[in-house]
Amino acid sequence: MGHGGGGQLSAELVQHLFVPAFGSQGDAGTADSAVFELGGARLAFSTDTFVVRPLFFPGGSIGDLAVNGTANDIAMSGAMPSHLSCGFILEEGTELSVLGRIAEDMGAAARRAGVAIVTGDTKVVDAGHGDQVYVNTAGVGLIPDGVDIRPQRAAVGDVIIVSGAIGVHGIAIMSVREGLEFGTEIRTDTACLYPLVAAMLAVTADIHVLRDPTRGGVATSLNEIASAARVGVRLTEKALPVPPEVRNACALLGLDPLYVANEGKLLAFVPREQAEAVLAAMRAHPLGEQATVIGECVDEHRAMVVATTTFGGTRVVDVPIGEQLPRIC
Amino acid sequence: MLTERDRHRRRVVVHGLVQGVGFRPFVYALAREAGLSGQVHNCSDGVEVEVEGPTPALEAFVASLRPRAPSMARIVAIDVTEVEVRGGSEFEIGLSDSAPPGRTLVSPDIATCPDCLSELADPASRYYRHPFVSCTNCGPRFTVVRGLPYDRPNTTMADLPLCAPCSAAYAEPGDRRFHAQTIACPQCGPVLSLVRPGLADVTGQDAVAESRRLLSAGAVLAVKGIGGYHLACDASAEQAVATLRKRKGRGDKPFAVMVADLPTARQIVHVSPAEAGLLADHRRPVVLLDQRRQRPPGAPAVSASVAPGRTELGVMLAYTGLHHLLFGLSGDQPSPRVLVMTSGNLAGEPIVIDDGAARERLVALVDAWLVHDRPIRIPCDDSVVRMAGGIELPVRRSRGFAPMPISLPFAVRPALAVGGDLKNTFCLAEGHYAWMSAHVGDMDDWATLQAFDAAVEQLATITSVRPELVVADRHPGYRSTAWARRATRSPSPLHRGPAEQGAHPQLGLVQHHHAHVAAAMAENGHPPGEPVVGFAFDGTGYGNDGAVWGGEVLVADYDAFERIGHLRYVRLPGGDAAVRNPCRMALSHLHSARIGWDPAIPSVAACRPEELTVLERQVRTGLGCSPTSSMGRLFDAVSSLAGVCHRIDYEAEAAMLFEAAARPAIDGCPDPYAFSVVSGVEGLLADPAPVLAAVVADVLAGVGAARIAARFHLAVAGLVLDLAEHVRARRGLDTVALSGGVFLNAALTTLCVKGLQQRGFRVLRHRLVPPSDAGIALGQIAVAARRDSS
Ligand SMILES: [Fe+3]
Ligand SMILES: [Mg+2]
Ligand SMILES: [Zn+2]
Ligand SMILES: [Zn+2]
């Protein structure tokens, strides 16, 4: 089934299958992490499962993603990720050296991110019932006082910033998985974004929304935020930071960089008055050197994302429907 | 001497397009000529007449209504009832009935008539050089009407009160302007102004004179017209045209041109008598015509940038007083004789109608704005038609056509069909009427989505259709379908007024190619319950199996269809990227046909080495590919293989260039290529492999594109004939419907129609709506809204 692409179908699964079955409340599933109070502290809690193929690719591995992915989901609530769990599903016959490399990568990534992997679990399935290794991680982090970051807070007038080049991770994975050469080697951008978030929060606690645009890319994340907050999102197409090698690869494959996954980038919705200072702080940080404004929240086309094209047209950017079906007749 | 007994009175209600077309003055004249008393007025159903007099005169009067009606009128039905004699000797024209609007038909916009044109050029006339001259026989209608009945207060001219002489003409039954709602003169009509950045505005005749001077000097002007703004420049001035092309980001897409009259048109294009009729028709469409290679002495030049690489040129004749003034009347300084007249919009957006938007949105495109203060209610682009086999083939049905309804062969529930996503046109229908909207545009664009909302509202107002059903395509990614889903949930744009509260329209979904075939059936009046063999050939449509269909043979009636055959699936590498790059489609087809990518093949040579590597991987593994049976993509592929076009700037460019290449070589072409047709579990599979092999052999042998194109067109027509014969032999069906954007190809349509008719098939082809997705709304209505006859 096509429910894994991070598009309309996954959203439907959450809304129509899981939320009713679990009896979850209101906004469950709309943010990257859950936020709740426990013993007087506000915590962000998140889990993610990693099935990426191949296991190792230019610039990273499934191990890096498993740590950074969950840590980033926590950081997108403004929390400092502190503790992680991990679970492995191993196919019988998987070489130990493979698992070893993944574990090394996880350890290194955890140290870089400043998180502790504190608990774990391993299951082995029969040969043929899995594909070497799947990794699940879950984690928690403490949300500082005065910080309230969630998709519903996007407001008309907010400036939308992306922390750097988009589409890099997805193209890096595809180039190794499919054995495609696009001229230059494209490396994943995986990174733990918390240090960047901390630098932004040092400027102002009043950041409205943070999101790491992973599966489904920038387009999917922006649509989710536009729907959750019922604001219009207006992008400026020519402001989108798409590296030439990503643009070239996308043109060859017939993909739109807006829909390609990222692993080390974040989108920020910031009140207009704070935007300049936040942008400056981001650019001063290694993870945000190429941060740039890509759009704003508007009072028109609520719950919709619209990109202003180079020639001044207004292209509707919606959620992908699972496969890339042409609509041109 | 007439006695009371010989005297009778009849009420005659004339249904159809009878308002705003000079019908009441016509009735007045007819009644007076017959010596009848009584009166006539517009009513919610059309025009109601009461006539009194001797029986023979009454009968002669009724019998003359149809044959002598004004040329713009379309009479659908005449109901006659006997009423009580009232006496009296006068015949009067009454004011409009203020009853709630019913099934009155609003007229399309009509080109300036010959009488008004004489007045425009007559120094003695009140209307001398009046850009807005119009009468009951001509002028804007659909684009100015806000509601019904069609009276001045319900038009965008409501705020322009008539001066005394105009009031007198408006009230005088014998006048050509009696009750002409768009009547205007230099004293009381709209005011023309020329707006230039940094300079004072000039108005009236000075605005015209200065505009002509600017155009002569190579400027680009935004000109406010009937259904929107045009961008105008001198078509002979290469620099001006190239500037406009660059500013508009237009790629190689051709511009349409306008000339003052038929003789000028004949100097630049070949015009058959039928095409001349089409050009001069009151609808004044853009007609696609072959450019003259050799122009007569004194003919105006048309710069190469107008229609780069095209042998055809879209030409229209001036259709408003303002257009005629721009070309100049006798005594005026010479000015451009051929003007580029293209929709005033930004790439992808709908044509601009709002003055503020024109000033803002078009600022980077134009040097000046020629505007007036008559608001445009609804956008209406120029229509585009061409001739195929001596019969009109609509390419875009908009100004001059909309909102002329199409008669359906059965009754339908009140319904809205939202059409497709590109070249969107929607359809409102009820009973036996289907009103196709004007061209709306590409639904990818947010401005177009807004224009769609506004157009639905306006057409619903003037047709009084309150949809119980909203019909859309099955494509999961169509924005039109998403619109339909929203509209069938509350609150929706279709829920207007307390009466409709709580009544959710239903949603109906129709498969794309079924809608194409049903559109051809419906516009030809084909009855329900009689299946046809439908050929739906287009670029892309969502298939029931999730594949991209487009080379479909259906056995269909309105209720259902069976996919009896199709082009063999091939991989569409990279979705839209395959559409924009016909060379990619060519290589995919070669791969499927197991033909090597010889670097001597133009399509192979057109790809960079890294593109070839990625593409090879894609077509081998299916990465980023959907399976497609598209005939449009096969045309693209072969167009590229023959070296005609590898990358496109606008929709169907490769196919259009390929058709143009074929045309001179089709007659007498002795040896068409041939598809192989195999009958399998999936039905009839048409395999293009032998065609591709022969194309490649020709290409490598140095055969020219014209011959390859001709052999290919004949092969596709041959395939249609073979498949039609095959189905007739098995199912006994001898009616064939041809639909889908591929049949915009006049050469192919002509070959198919001729061949099928020679073999005794009845052919349903498009004449009223375009065969492309601009026509599918009609088919969606026909499939989903047919009222249960039981
Ligand atoms: Fe189509
Ligand atoms: Mg995540
Ligand atoms: Zn007239
Ligand atoms: Zn007047």
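## Chain B: domains 1 and 2

In chain B, 13 residues of domain 1 are in contact with twelve residues of domain 2 (contact: C-beta atoms, placed from the backbone, within 7 Å). Helix H1 (residues 23–34) of chain B gives the largest share of the domain 1 side, three residues. Helices (H or I, at least four residues) and strands (E, at least two) are DSSP runs, numbered from the N terminus. That side has seven nonpolar, five polar and one charged residues. Ala, Val, Leu, Ile, Met, Phe, Trp, Tyr, Cys and Pro count as nonpolar, Asp, Glu, Lys and Arg as charged, and the others, Gly among them, as polar.

The C-alpha centres of these two domains lie 24 Å apart. Domain 1 of chain B spans 4–93 and domain 2 spans 106–189; bounds come from an automatic or database domain assignment.

## Model and numbering

This is a predicted model: local features need pLDDT of at least 70, side-chain atom pairs count only at pLDDT 80 or more, and totals for chains, interfaces and linings use all residues. Residues are numbered from 1 along each chain as its sequence is written, with chains lettered from A and ligands numbered from 1 in the order in which they are written.

## Chain A: domains 1 and 2

Chain A is divided into domain 1 (23–142) and domain 2 (151–316). Their C-alpha centres lie 23 Å apart. The contact takes 24 residues from domain 1 of chain A and 26 from domain 2 of chain A. On the domain 1 side, H2(A) supplies the largest share, seven residues. The residues of that side divide into twelve nonpolar, seven polar and five charged.

Terms used. Contact = placed C-beta atoms within 7 Å.
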